[in-house]
Amino acid sequence: MTRVTAPFGRRTATVTARDEHGAYVALRCHDPGGPTPRAGQFYMLASAERWGGGDGERPFLPRAFSVLRARAGELQFLIEDVGPGTNRLSELGPGDGLAIVGPLGNGFAAPRENRLPLLVGGGVGIAPLVIWQDELGGEATALLGFRDQPHALGAALLTAATVATDDGSVGHHGLVTELLEDELDARGDEVEVYACGPPLMLEAVRELCSRHQVPAQLALESGMACGFGACFGCVVPTIDGYVRLCVDGPVLDAAKLDTALVAGAGH
Amino acid sequence: MTVDFCGIELVHPIINGSGTFDAIAAHRAFGDDLLERFPFAAFVSKTVTLEPRQGNPPPRLWEVAGGLMNSIGLPNKGLDGYLERDLPTLAALPVPLIVNVMGFSRDEVAHLVAAFSERPEVSALELNVSCPNVETGLVMGADPDETARLVRRVRPLTGKPLIVKLTPNASDVPKVAAAAEDAGADALSLINTLRGMALDPRTGKPWLGGVTGGVSGPAVRAIALAQVHAVAQVVEVPIVGMGGVQSGRDAQDLIGAGATLVAVGTESFRDPAAGGRVALELAELLANTVV
């Protein structure tokens, strides 16, 4: 069971802490009315006050975020300020209201055939891997890719992560998928890959895992209006046709995909 | 606060706009909490076409100032798939079911209307003559004569209430409304989305996979109010008003302009329970209105 159902409707959680991790902000909030989500599930978030009136008179719709960490009555989300929605959310601090719907979607499933989980994350996409590493007991190997040093500070959210940066300022100078390829060459028959990150990274992960015949679960992103299957806006192509990422994902089995490049994602 | 709509008794005047709420997917997301707190007094299903449709290529969404633009392309399981897989589930909802249909020809619409006419689970039918993403829909609903021909063709095929959903992308919406009423429509619903477009800021090319899309949300509320008001001047049949409704006050405005029922659409994307909140706010407003 990788899905916990959400209470029907939007509720207001209260931000209790705002932790900076380099280029990212982790919002901690008190959500007494909600269940504990599964790793890989997501929430639709909006500020309870002043949602709108930013750049281009946006945001209007809530924004989808994988849960970063959770325990009874407390949720955490990882925000990178990249647009009017994330800009407003990243301003929130203790005492502010966070309008939430969730948990939504399907989370990660346990590894098949006693394989060892191998986590691969890129940028703000490390978020669902943090809670998944928590659920797995904190031992899972993690390979993380970031743009530069301020972003790489996010790696501290995971235990014992190996880091790659585009500019070489931290760890391996290059792509996280280069680290992944080395791992798959060495022990591809022992692992199952769990990945979340930008579309180009996910597509490279999908292709590598396909070539090495390694099972992989990919947490994808797509522009979403509702998060609960109403708008049909977030579809991604699979071998079975379009599926709605919000109700049939966001975690999809890589074997179901011909490509992890989602039109419009990352915008 | 019960309302009679074409002989169907509804517990309040708030329903959903077609294509803005999928009760089956919502049940997966929210479980039985959805059924216990079902937000609408009737459920309008997403458009059903004769054959299955995948819908338009993504991207399908673009956020606009005060709203949303979508180019979804009417994905659905087709008539047979709907009857077999969706109808049994939707029939178990705690509210009456209204089925929205669209065809690419009058014969297709007639086939759909006849098929649903036989189903006791269906309380009423809504004809989509207004979806701006599908060429034929736009042509039928944009022209009074085309609309009248379609309604006249399907009217004898069903005893169920027939709602014609009007497009705002027409030069004379009241004229189309009057033509639909003359041809036998039992009710009219409006507005559907307004045609719009966005360019990808990185490439300058159309952002939406379907090139153009339909604009909805509070950005279109004033237009909806004006069109409902104009249509109400020329028809006697009940009107389902919609367009950017976010509050009981917005619903009260549309009722004041001539609507019998009010549909909530895009606001459900922001809060799935918005319809129930709007119904409660409207009830409070009406209770406090001194007659």
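Which residues of helix α7 of chain B are buried? In this predicted model, helix α7 covers residues 173-182 of chain B, and its buried residues are B:V173, B:V176, B:A177, B:A179, B:A180 and B:E181. An α-helix has 3.6 residues a turn, so residues three or four places apart point the same way. Just after α7(B), B:G184 has a positive phi of about 120°.

Next, the sheet in chain B. Eight strands make an open sheet, with parallel pairing, in the order β3-β14-β13-β10-β9-β8-β7-β4. The edges are β3 (14-16) and β4 (43-44); each has a single partner strand, so one side of each has no neighbour in the sheet. Inside the order, β9 (residues 162-165) and β10 (residues 187-190) of chain B run parallel and are joined by 3 bridges. B:V164 has B:L188 in β10(B) as its bridge partner. Helix α11 of chain B, residues 274-287, lies across β3 and β14 (261-264) of that chain, at about 160° to β3(B).

Now a pair of helices. Two packed helices are described by the angle between their axes and the distance between the axes. For α4 (residues 106-117) and α6 (residues 144-154) of chain B, the angle is about 35° and the axes are 9 Å apart. Their crossing is right-handed. From α4(B), B:R106, B:V109, B:A110 and B:V113 meet B:R149, B:L150, B:R153 and B:V154 of α6(B). That contact has 5 nonpolar, 3 charged and no polar residues.

Last, the two chains together. In chain A, 30 residues are in contact with 35 residues of chain B. On the chain A side, β6 (97-104) and β14 (241-244) are the elements giving two or more residues. By class, that side has 19 nonpolar, 8 polar and 3 charged residues.

Definitions and conventions
Residues are numbered from 1 along each chain as its sequence is written. Chains are lettered from A and ligands numbered from 1 in the order in which they are written. This is a predicted model: local features need pLDDT of at least 70, side-chain atom pairs count only at pLDDT 80 or more; totals for chains, interfaces and linings use all residues. A residue is buried if 20 or more other C-beta atoms lie within 10 Å of its own, exposed if 12 or fewer, and partly exposed in between; C-beta atoms are placed from the backbone. Helices (H or I, at least four residues) and strands (E, at least two) are DSSP runs, numbered from the N terminus. Two residues are in contact if their C-beta atoms, placed from the backbone, lie within 7 Å. Ala, Val, Leu, Ile, Met, Phe, Trp, Tyr, Cys and Pro count as nonpolar, Asp, Glu, Lys and Arg as charged, and the others, Gly among them, as polar. Axes are lines fitted to C-alpha atoms, for helices over the stretch in contact, and angles run from 0 to 180 degrees between N-to-C directions. A crossing is left-handed if the near helix is turned anticlockwise from the far one by less than a right angle, and right-handed if clockwise. Two strands pair if DSSP finds at least two bridges between them.
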